[in-house]
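Please look at the sequence and structure first.

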Amino acid sequence: MSNSRILWADDEIDLLKPHIMFLKSKGYDVMTACSGRDAIELAEQEPFDLIILDENMPGLTGLETLPMLTRVAPAVPVIMITKSEEENIMDQAVGNRIADYLIKPVNPNQILLSIKKNLHSNRLMSEQASTGYRQDFAEIGQAISMASTLGDWQSLYGKLVDWELKLASTETNMDELLEMQRVEANSEFYKFVKRNYREWLDREGDDPERPLLSPDVFKRKVFPLLDKGERLFFVLIDNFRLDQWETIKPLLADTFSIQESLYTSILPTATQYARNAIFSGLMPLQIEKMFPDLWVDEESEEGKNLNESPLIQTQIERYRRSDRFSYTKINDSQGVERLTRELPTLDNYKLNVVVLNFIDMLSHARTELKMIRELASNNAAYRAITRSWFQHAGTIDLFKAIANRGYRIVLTTDHGTIRVDNPIKVVGDKNTNTNLRYKVGKNLSYNPKQVFEVKSPAAFGLPSPNISSTYVFAGGRDFFAYPNNYNHYVQYYTDTFQHGGISMEEMLVPLVTLSPKTR
């Protein structure tokens, strides 16, 4: 905190000696100027960490001095002090991106607080975050060992994500400790899912003990809103995690009232299974049996998510509803812009379903392209790219345009994704699927202690490509690797983002209702 250099420009600087002495006693090096011209000359000659500028000076006023100082020292924060409470002066000062605006008379502690906020906030936030996390560390550890319900795990996962975001925005040495707790939590969550998943599926959809699973989303979260007369957009962002939602949430806060929750993706946490379950309201095995023409087998070369609109129609008809809906899949910014332009043509539909594929494409590109892997090297970078896409590729404009037309938005995903780093050997024949977090095949070879194995797929709502098909799921940050060319395979896929298995990141995913603030 000490030795920060401050320039204070005020035509009555002699009257401020007590303030300056106070700041010097706190360790600041304060230089003074009696006019705007003097302040500009000093800023040209010497470096300063912060400038305090009086607005009402003879000659150059503070507002006239400000842009000149900004050109000389563009990175230096400026605190403006004025006697005037006129709103237009405040607007001009804020419009020129001042760091703070104080109205005379000011006391020394007001000045000190503003200086701390602008010069030391990162360090103070880091210290506070470190202290807060150290205090929560034992509580989180106990929560991991005591979690016995899905609600417990959702609450714990939310707390871990909250701390990850807090620590990522500060300079602390707590990241590794938090990562250790996240690994421990995922290990215990994996055991929890293995113990309970079959029971969740056995419960009827209306059973209050059954968690909200992929096939329940429309019945429990979409249809009730339509029944209340709401006009609705159902927006599904593929591969969308809770931390990514928290990153874009501030961009929506001015436009929408936000109601947040989590739901649980079915296994495998992959598009073919989880997304089709959402749109059909059925488990994958039920889709295969009831609508064989809409289900695509693992071994098929056909795209696995080509029948989403027909599956939505089957669910609407099964519940004897008459909802007319539109369906739009968007893969690029041109698609976002096109849908934004075409929104008026959708007013005849009470339900409009939109699938946004950017994050899924990002995760695949990150695996395959070295440059993208460098840009999204860790979770923080992955979140930053997500926010940039949402803010600059027209997506936020689409959401605002939807709000302006009076629609409510249900925003969710089919599954999340996790960064993997621990290879597990598995052997399968040529028909075994390529996903790294789950395998399905008739002659799989693996260590059963390392996986969640499902030898009776029908009991888990899953189709069997062959009579003797077995599913195996990876947990934690494991991924499946073939013994052939093992070292190359491991090097290629370590630290990539994958999905299909069991982790909080993949299974506990956001389900958010956005209500326009002006309706």
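## Helix α7

In α7, the buried residues are Leu150, Trp153, Leu156, Tyr157, Leu160, Val161, Trp163, Glu164 and Leu167. Buried means under 20% relative accessible area, exposed over 50%, and partly exposed in between (1.4 Å probe, protein chains only). An α-helix has 3.6 residues a turn, so residues three or four places apart point the same way.

Helix α7 covers residues 150-168, 19 residues in all. At 1.5 Å a residue it should span 27 Å, and its end C-alpha atoms are 27 Å apart, which agrees. The expected span is 1.5 Å times one less than the number of residues.

## Basis of the model

The model is predicted: local features need pLDDT of at least 70, side-chain atom pairs count only at pLDDT 80 or more, and totals for chains, interfaces and linings use all residues. Residues are numbered from 1 along each chain as its sequence is written, and side-chain values use heavy atoms, with hydrogens and water left out.

## Aromatic pairs

How many aromatic pairs are there? The count comes to 29. Rings of Phe, Tyr and Trp (its six-membered ring) pair if their centres lie within 6.5 Å; planes under 30 degrees apart count as stacked, over 60 as edge-to-face and the rest as tilted. The rings of phenylalanine 192 and tryptophan 200 have centres 5.7 Å apart and planes at 55°, so this pair is tilted. Phenylalanine 192 is buried, at 3% relative accessible area. Tryptophan 200 is buried too, at 7%.

Tyrosine 273 and tyrosine 471 make an edge-to-face pair, 6.4 Å centre to centre with 80° between the planes. This pair links distant parts of the chain: tyrosine 273 is in helix α11 (residues 271-280), tyrosine 471 in strand β15 (residues 470-473), 198 residues apart. Both tyrosine 273 and tyrosine 471 are buried. Ring pairs join Trp153, Phe189, Phe192, Tyr197, Trp200, Tyr273, Trp295, Tyr438, Phe452, Phe460, Tyr471 and Phe473 into a cluster.

## Charges over rings

Lysine 166 places its charged end over the ring of tryptophan 163, 4.7 Å from the ring centre. The rule asks for NZ of Lys or CZ of Arg within 6 Å of the ring centre and within 35 degrees of the ring normal.

## Two loop residues

Threonine 432 is in the loop between β12 (422-425) and β13 (438-441). Is threonine 432 buried or exposed? At 8% relative accessibility, threonine 432 counts as buried. Leaving out residues up to four places away in sequence, threonine 432 touches Lys439, Val440, Leu444 and Tyr482. Contact means heavy atoms within 4.5 Å.

Tyrosine 28 lies in the loop between α1 (17-25) and β2 (29-33). Tyrosine 28 counts as buried, at 3% relative accessibility. From tyrosine 28 to aspartate 495 is 467 residues in sequence and 45 Å in space, C-alpha to C-alpha.

## The whole chain

The protein chain has 20 helices and 18 strands. Helices (H or I, at least four residues) and strands (E, at least two) are DSSP runs, numbered from the N terminus. The C-alpha atoms fill a box of roughly 90 × 55 × 40 Å along the principal axes.

Of the 519 residues, 53% are buried. Among contacts between residues at least 6 apart in sequence, 73% join residues at least 24 apart.
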